[in-house]
Amino acid sequence: MSQPGDPLDVDALLAGDATAFEQLVRQESPRLFRVINRVVNDEDEAESLMQETFLQAYQRLDTFRRESKFTTWLYAIGINLARGSLRKSKRLSPLDEAAVERMQPDFSGGMYVDQAESWNPHRLAELSQRRELVHQAIAQLPDDYRAIVTLRDIEELPTDEVARILEISNGAARVRLHRARQALRKLLDSHIRP
Amino acid sequence: MRLVAPLMRKMMDEPSCQEVNQFLADYVEDNLDADVSDRYRKHVAHCDCCKAYLDQYQGTIDLLHDCRNCDLPDDLVEHTLEFLKERGVTA
């Protein structure tokens with residue numbers, strides 16, 4: 001019998017094998033839940049969307065073209081459902097695209113207008129609410145930015161796989177990721193720097 | 001100095017802080033050509049602004065890496081399997 005963490009048997013999945021699908025659920029549920037939850041910021045909604053993701057994947061198995069990893073395809077379904085849920089509920093992120101733009105650094109003559117100061121590693125280590133701060137900062141970003149930092153920097157998926165999940169080019173993924181990190185840097189800086 | 005620096009950089013074929021910033025994601029992930037990466041490294045080594053900014057940028061990534069664990073709802077997997085079983089997906 002296969003164990004969680006074993007490579008997925010894609011042929012069995014595509015043949016509708018119930019055991020293979022159960023292995024997929026056991027293997028991918030924790031990460032898929034974390035990703036969807038970061039996008040929708042609502043645990044109950046995230047659980048429901050994750051279940052719907054698996055169901056839709058099963059119902060649409062014949063549309064998987066083997067042009068990506070099976071899990072990439074699965075996560076694309078999950079992200080699209082999460083975005084659809086946000087649209088439907090009309091829940092807006094605290095920050096919009098213009099706010100993200102304002103959090104990018106300014107330059108004059110090719111040089112930084114404002115000089116950053118390195119973060120003190122001792123202060124960082126002492127910050128007991130580090131994770132909560134980061135969580136709150138991510139939650140402020142627009143959903144496209146939340147999705148990309150979650151997939152790339154929290155779940156540490158390769159950038160090209162993240163681009164496929166988000167259905168954007170590699171170049172667009174790199175630009176969006178950079179902008180998201182710079183916005184987060186700005187949000188975190190005031191908490192980390194005394 | 002601020003007005004002279006861009007001209008000096010151009011003469012020395014040195015990237016500006018803005019150029020380094022533009023490719024920071026590729027720089028920290030070592031995705032740049034070796035000669036480009038080398039030029040950037042030399043710039044950062046003697047530019048306090050870029051050094052500090054890079055430090056914060058990398059610090060942000062490190063904080064995100066450290067953020068993966070979160071509490072999962074109880075019986076998340078079992079609930080999902082039950083949901084799928086009711087719809088004829090899993091046994």
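How many helices and how many strands make up the secondary structure of chain A? Chain A has ten helices and two strands. The model toured here is a predicted one.

**Stop 1: chain A as a whole**

Select chain A and colour it by secondary structure. Read from the N terminus, its elements follow the order α-α-α-α-α-β-β-α-α-α-α-α. Taken along the principal axes, the C-alpha atoms of the chain fill a box of roughly 60 × 35 × 30 Å. Of the 194 residues in chain A, 51% are buried. If a surface is displayed, the accessible area of chain A comes to about 9400 Å², and 46% of it belongs to carbon and sulfur atoms. Among the contacts in chain A that join residues at least 6 apart in sequence, 67% link residues at least 24 apart.

**Stop 2**

The phi angle of A:Arg66 is near 60 degrees, a positive value in a residue other than glycine.

Then select residues 143–154 of chain A, which form helix α8. This helix is mostly covered, with ten of its twelve residues buried. The buried residues of α8(A) are A:Tyr145, A:Arg146, A:Ala147, A:Ile148, A:Val149, A:Thr150, A:Leu151, A:Arg152, A:Asp153 and A:Ile154. After α8(A) comes A:Glu156, with a positive phi near 55 degrees.

**Stop 3: A:Thr159**

Select A:Thr159, which lies in helix α9 (residues 159–166) of chain A. Is this residue, A:Thr159, buried or exposed? A:Thr159 counts as buried because its relative accessible area is 15%, under the 20% cut-off. Show its surroundings: residues up to four places away in sequence aside, A:Thr159 touches A:Arg152, A:Asn170, A:Ala173, A:Arg174 and B:Glu29. One of these contacts, B:Glu29, belongs to chain B, while another, A:Arg152, is among the buried residues of α8(A).

**Stop 4: chain B as a whole**

Chain B has six helices and zero strands, in the order α-α-α-α-α-α from the N terminus. Of its 91 residues, 44% are buried. Chain B exposes about 5400 Å², with carbon and sulfur atoms supplying 52% of that area. Among contacts in chain B with a separation of 6 or more, 50% come from residues 24 or more positions apart.

Select B:Asp75, found in the loop between α5 and α6 (76–86) of chain B. B:Asp75 is not a glycine, yet its phi is positive, at about 55 degrees.

**Stop 5: where the chains meet**

Bring chain A back into view. Across the interface, 53 residues of chain A are in contact with 49 residues of chain B. Between them the two chains bury about 4800 Å², 61% of it on carbon and sulfur atoms. To see which residues of chain A contribute, select A:Tyr112, A:Arg131 and A:Arg181: these supply 15% of the area that chain A buries against chain B, more than any other three residues.

Now select B:Gln18, which lies in helix α2 of chain B. B:Gln18 is classed as partly exposed because its relative accessible area is 38%, and that value falls between the 20% and 50% limits. Apart from neighbours within four places in sequence, B:Gln18 is in contact with A:Phe107 and A:Gly110. A distance can also be drawn from B:Gln18 to B:Asp30: their C-alpha atoms are separated by 18 Å, and the two residues are twelve residues apart along the chain.

**Stop 6: the cavity**

Which residues line the largest cavity? Its lining consists of A:Tyr112, B:Val20, B:Asn21, B:Leu24, B:Val44, B:Cys50, B:Tyr53 and B:Leu54. Two helices of chain B, α2 (17–22) and α5 (48–65), each supply at least two residues of this lining. The largest share, three residues, comes from α5(B). By type, the lining divides into seven nonpolar residues, one polar and no charged.

Terms used: Residues numbered from 1 in each chain as written. Chains lettered and ligands numbered in written order. Predicted model: local features only at pLDDT ≥ 70, side-chain atom pairs only at ≥ 80, totals over all residues. Heavy atoms only, no water. 1 Å grid on protein atoms, 1.4 Å probe; cavity = no way out; pocket = protein on both sides within 12 Å on 5 of 7 lines; lining within 4 Å. Helix = DSSP H or I, 4+ residues; strand = E, 2+ residues; numbered from the N terminus. Nonpolar A, V, L, I, M, F, W, Y, C, P; charged D, E, K, R; others polar. Buried < 20%, exposed > 50% of the residue type's maximum accessible area, 1.4 Å probe, protein only. Contact = heavy atoms within 4.5 Å. Areas by Shrake-Rupley, 256 points an atom, 1.4 Å probe, with all protein chains shown as cover. Buried area = accessible area lost by both parts, 1.4 Å probe.
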